[in-house]
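Student: Can we go through some of the terms used for this structure? I would like to see what each one rests on.

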Amino acid sequence: MSEVAIFIEGLSKSYGAHAAVSELRLKIQPGAVYGFLGRNGAGKTTTMRMLLGLVRPTEGSARVLGLDPTKEPELVQILERVGFVPQRKQLYGWATPAELVRMNKAYFPRWSDGAAAELAKRLEIPMNMAFKKLSIGNQSKVALLLALAQGAEVLVLDEPTAGLDPVMVDEILRTLIEDHISQGRTIFVSSHHLGEVEQICDWVGILEEGRLLLESRLEEIRQDFRLVIASGESLPVAKSTDLVSATTDGRFRRYVVAREAERFAAELRGQGATILEISPLGLRELFLHLVRKEDPCTPGNAGAKAVPVSSFS
Amino acid sequence: MYAWKCWRESRARFIFLLIMFTVTALLFTLQPGLEIRNGWWYFDRSEYLHNPLPTAHVVFSMILSVLWCSGFLSAVFLGATASGSEIEPGTIEYLWTRPRTRTSVTWTHWGVCVAEMVIVAVVPIYLAAVLLGALTRHWDFPFLFFAPWMMVIVGLPVLGLTTLMTAMRRSASGGLIYTSGVVVVYAFLRQIVIVPLHLNPPTLFAGPLVWLVSNNQLPYQPSAFPWGSLWRAVFLAAALPLVAQYVLKRAEV
């Protein structure tokens, strides 16, 4: 598996005047665990659906394992190698999980009966009850089982733990870490549970209104990203390639800086600002700083590296 | 495996239709000899023995007068389980992320439905034919053996239409309602042409069935077979699922 697992170049999807995804660029290396974050309607699900041929892009292109999902023969190969858990985990109501397993295994040459049995046991799935009679949590677990047991090289998981209790969430994360991440499989996961993302992901991308605001290694966020709060009467416009976002709150200005926060703060001081705080950022705080609607926000560092921010108010 | 899933989803409708038409055919077959004795129904085959061939033909006409619609009904009810019907309930995301082309999914469903339609048409009528043969000791019922295949052929365009309508309406109920609507509107418009204008246009694709119904009386005097109507039926049987396949191929969910 030497090719890039997921490669997205200028991908856009519009519904009339509404742009669901806009000029998205992503490059996910094999073995990466990529957390795809964003508010509801940010374009995460549409992006995932484009990767799996459920939605056609308006512009741009995507490759999954080097294959083009807009071409049917290549899409079939993608689907053979990619496990997908959709946001809406709806399967055939009349079928029991055991029947769904039998049905599903016929599609996938690398299907593992052993893994399916082990998952059913670990996730405590009632295998002989009709799917429609299962609780929402159990329905989600069945959808996960089907994706995880198919021996996929890439897992695309759209809110996989929605509706699950904390014990089951922990069990699923452990399963992902033990059975998939440790084997170098690629995972592209969207979730609103940032704690889970921090637990398993090594990369995160934050999407807002179809645009990628930020893409970074999680480790870099922990080690290098800082929140700088400054005050002053007329704060200067900061220009820095390391600046990720800046928001204004009355007389205060909050800067999220990707690296060298002290140098950045010194520059601000030199321009007459008073620095009130320089503090490390968690993923949750970073996410909130980037996507909160009430504060004006800079475009972030879309494109893997922090981009210069020429001006903001 | 998808064929099994199609069978699993359509089997209740299939079994219902098969039982309904088989019971109807058997009731008509046994009806000439039914009489009440001491408050119970008994089958008396004397009528079949006294006047075998005309009785058998009367019975066959009665069977056909009811069962002619089996192809249409099977096509609508079985066709409404086509893959387009999975869009509304949301199972389509599962189906379309299995490593199969949408084309193969469409035609697998079509194949399963055709097999079920053949069984629903053939079993009741062939069973009635065998019973009639056994009761009358005559086996000269050419139209009877011919009938189920005509029912299937004129049912195929309706199956295609239902497949297309489920794809366009994205639901089973939409497929059922819109197919019924198209058939009713077509029949209504045809009646408008026939009655006030005194025209008798050829049937679009149901000609073989009309021919069958009007040619089963004794003595056999078969009129010209409506080949044009048959070819139109074959064309629509292929064209409508192809359009459905195109619609589904372009559909986004």
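Tutor: Start with burial. A residue is buried if 20 or more other C-beta atoms lie within 10 Å of its own, and exposed if 12 or fewer do. Keep in mind that this is a predicted model.

Student: Which residues of α3(B) are called buried?

Tutor: A56(B), V59(B), F60(B), I63(B), L64(B) and L67(B) are buried. Each therefore has 20 or more other C-beta atoms within 10 Å of its own.

Student: What covers the buried residues of α3(B)?

Tutor: The cover includes α1 (2–30), α4 (70–79), α6 (102–136), α7 (142–169) and α9 (207–214) of chain B.

Student: How do you know what span to expect for α3(B)?

Tutor: Helix α3 (residues 52–67) of chain B has 16 residues. At 1.5 Å a residue, 22 Å is expected. The helix reaches 22 Å from its first C-alpha to its last, close to that value.

Student: Now chain A. What makes β1(A) and β2(A) a pair?

Tutor: Pairing needs at least two bridges. Strand β1 (residues 6–15) of chain A and β2(A) have seven, in the antiparallel sense. I8(A) stands opposite L26(A) in β2(A).

Student: Why are β2 and β4 of chain A at the edges?

Tutor: The open sheet has the order β2-β1-β4 (chain A). β2 (18–28) and β4 (59–64) of chain A each have a single partner strand, so one side of each lacks a neighbour in the sheet. The twist averages 20 degrees from one strand to the next.

Methods
Residues numbered from 1 in each chain as written. Chains lettered and ligands numbered in written order. Predicted model: local features only at pLDDT ≥ 70, side-chain atom pairs only at ≥ 80, totals over all residues. Helix = DSSP H or I, 4+ residues; strand = E, 2+ residues; numbered from the N terminus. Axes fitted to C-alpha atoms, helices over the stretch in contact; angles between N-to-C directions. Expected span 1.5 Å × (residues − 1). Contact = placed C-beta atoms within 7 Å.
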